[in-house]
Amino acid sequence: MADTAILEVDSSLDEARWAAVLRRDPAMDGRFVYAVKTTGIYCRPSCPSGPAKRGNVRFFADNAAAEAAGFRTCKRCRPDAVVVATAKDGIAGRIAALDWPRIDAELDEGGIGLLGPLLSPTECSDLRSFYEEDHRFRSRVVMQRHGFGSGEYKYFAYPLPDLIGDLRAAVYPEAARTANRWRAMLGQDPFFPDSHRAYLKHCHAAGQRRPTPLLLRYGPGDYNCLHQDLYGPEVLPLQMVILLSEPGPREKGGDFTGGEFVLTEQRPRMQSRAEVVPLRQGEAAIFAVNERPRQGTRGAYRVKLRHGVSRIRSGQRFTAGIIFHDAQ
Ligand SMILES: O=C(O)CCC(=O)C(=O)O
Ligand SMILES: [Fe+2]
């Protein structure tokens with residue numbers, strides 16, 4: 001008796017899951033995954049790939065269960081990127097759950113720390129679609145006109161979209177902590193307050209009042225010259241970038257090829273060292289804006305950093321940039 005009851009519950013659960021897959025329901029992402037026996041791949045419910053045959057589909061409660069059964073993640077819908085992004089805690093919870101000691105160590109080693117998957121594919125596409133909504137922005141910059149590269153970007157107006165405002169407020173305390181630690185390495189007193197609200201008050205009093213978070217859009221042939229995002233004398237020396245498109249050729253479910261994020265670092269009296277930063281859709285990195293200390297044998301010294309984007313070879317690439325100081 002009991003066994004039959006359980007079987008009935010299970011099969012009606014699977015039927016509800018199958019209906020969600022047929023609807024490609026993004027609200028079910030993170031609630032379960034489905035795997036296709038013929039391809040060996042598992043997907044989130046909203047995967048845009050064509051429907052599989054019901055007879056070839058198995059359902060799993062989560063990624064770990066699908067992987068334990070030998071399935072690999074779908075490159076198109078990235079079920080592995082959904083785990084973090086559907087965390088019930090919202091943005092603050094996702095940021096708090098990151099491995100900050102590891103990120104700090106990466107920042108001290110190379111001037112950039114990888115945050116890993118932070119936004120879901122749906123959140124990325126929502127942000128991309130904002131690009132056409134002019135009321136959200138205070139200005140648009142066509143990069144060719146200024147010699148900044150090729151492509152364009154738009155600075156958000158206040159009030160920022162919730163997702164951008166929440167990310168800026170939640171990551172700021174970590175960035176400020178690293179910025180104060182870097183000051184200490186150079187023998188300077190701590191300067192950056194714990195809350196972003198307090199820091200913005202300081203920026204505004206110094207005449208830097210305009211919001212700096214931005215969306216960038218690149219098409220084939222576009223690139224972003226090496227630069228530093230300084231907007232006046234007040235600088236918080238770390239910033240964040242989030243890739244909103246999936247790298248890779250179209251036939252493999254990607255949005256663009258080329259277009260790699262590049263960071264260069266120049267030590268005193270030395271040639272520059274370049275690093276290509278591997279990011280996928282929804283992943284973020286935090287990196288030094290203009291300079292950072294490096295520990296040498298005779299104390300710390302300053303190195304200069306610049307970042308940019310290599311030429312996009314095909315497709316379209318969007319990013320969100322979050323800078324913590326405001327602009328003059
Ligand atoms: O598009 C990118 O990856 C870089 C954008 C950028 O320059 C920034 O976020 O400040
Ligand atoms: Fe930048």
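The legends below describe close-up views of a predicted model. Residues are numbered from 1 along each chain as its sequence is written, with chains lettered from A and ligands numbered from 1 in the order in which they are written. Local features need pLDDT of at least 70, side-chain atom pairs count only at pLDDT 80 or more, totals for chains, interfaces and linings use all residues, and side-chain values use heavy atoms, with hydrogens and water left out.

**View 1. The annotated span.** An unreviewed UniProt entry lists residues 209-327 as "domain: Fe2OG dioxygenase"; such annotations may be inferred rather than shown by experiment, and the positions follow the numbering used here, with feature names shortened. The span is 55% strand and 0% helix, and its end C-alpha atoms lie 6 Å apart. Helices (H or I, at least four residues) and strands (E, at least two) are DSSP runs, numbered from the N terminus.

**View 2. The largest pocket.** Rolling a probe the size of a water molecule over the atoms shows where empty space is left. A pocket is an open set of points on a 1 Å grid over the protein atoms alone, where a 1.4 Å probe fits, with protein on both sides within 12 Å along at least five of seven lines; lining residues have an atom within 4 Å of a point. The largest pocket holds about 520 Å³ of space, a volume being the space filled by probe spheres set on the points, which are joined across faces, edges and corners. Of its 26 lining residues, Pro-48, Arg-128, Gly-253, Asp-255 and Gln-281 lie nearest the centre. Two or more lining residues come from each of helix 6 (121-130), strand 12 (256-258) and strand 18 (312-315), and helix 6 gives the most, with 4. The lining has 7 nonpolar, 12 polar and 7 charged residues; Ala, Val, Leu, Ile, Met, Phe, Trp, Tyr, Cys and Pro count as nonpolar, Asp, Glu, Lys and Arg as charged, and the others, Gly among them, as polar. Domain 1 (2-77) and domain 2 (88-323) each supply at least three lining residues, with bounds from an automatic or database domain assignment.

**View 3. The second largest pocket.** The volume here is about 320 Å³. This pocket is lined by 26 residues, and nearest its centre are Leu-216, Asn-224, His-227, Asp-229 and His-307. Its lining divides into 16 nonpolar, 8 polar and 2 charged residues.

**View 4. Strand 10 and its partners.** Two strands pair if DSSP finds at least two bridges between them. Strand 10 runs antiparallel to strand 7 (residues 149-150), with 2 bridges, and antiparallel to strand 17, also with 2 bridges. Asn-224 of strand 10 is the bridge partner of Gly-149, and Asn-224 is also partnered with Val-309 in strand 17.

View 5. The order of the 4 strands is 3-1-2-4, with mixed pairing. Strand 3 (57-60) and strand 4 (72-73) are the edge strands, each pairing on one side only. Strand 1 (residues 33-36) and strand 2 (residues 41-43) are antiparallel and joined by 3 bridges; Tyr-34 has Cys-43 as its bridge partner in strand 2.

**View 6. The salt bridge between Glu-15 and Arg-54.** A salt bridge is a side-chain nitrogen of Lys or Arg within 4 Å of a carboxyl oxygen of Asp or Glu. In this pair the closest N and O atoms are 3.2 Å apart. Glu-15 is in helix 1 (residues 2-23) and Arg-54 in the loop between strand 2 and strand 3, so the pair ties together parts 39 residues apart in sequence.
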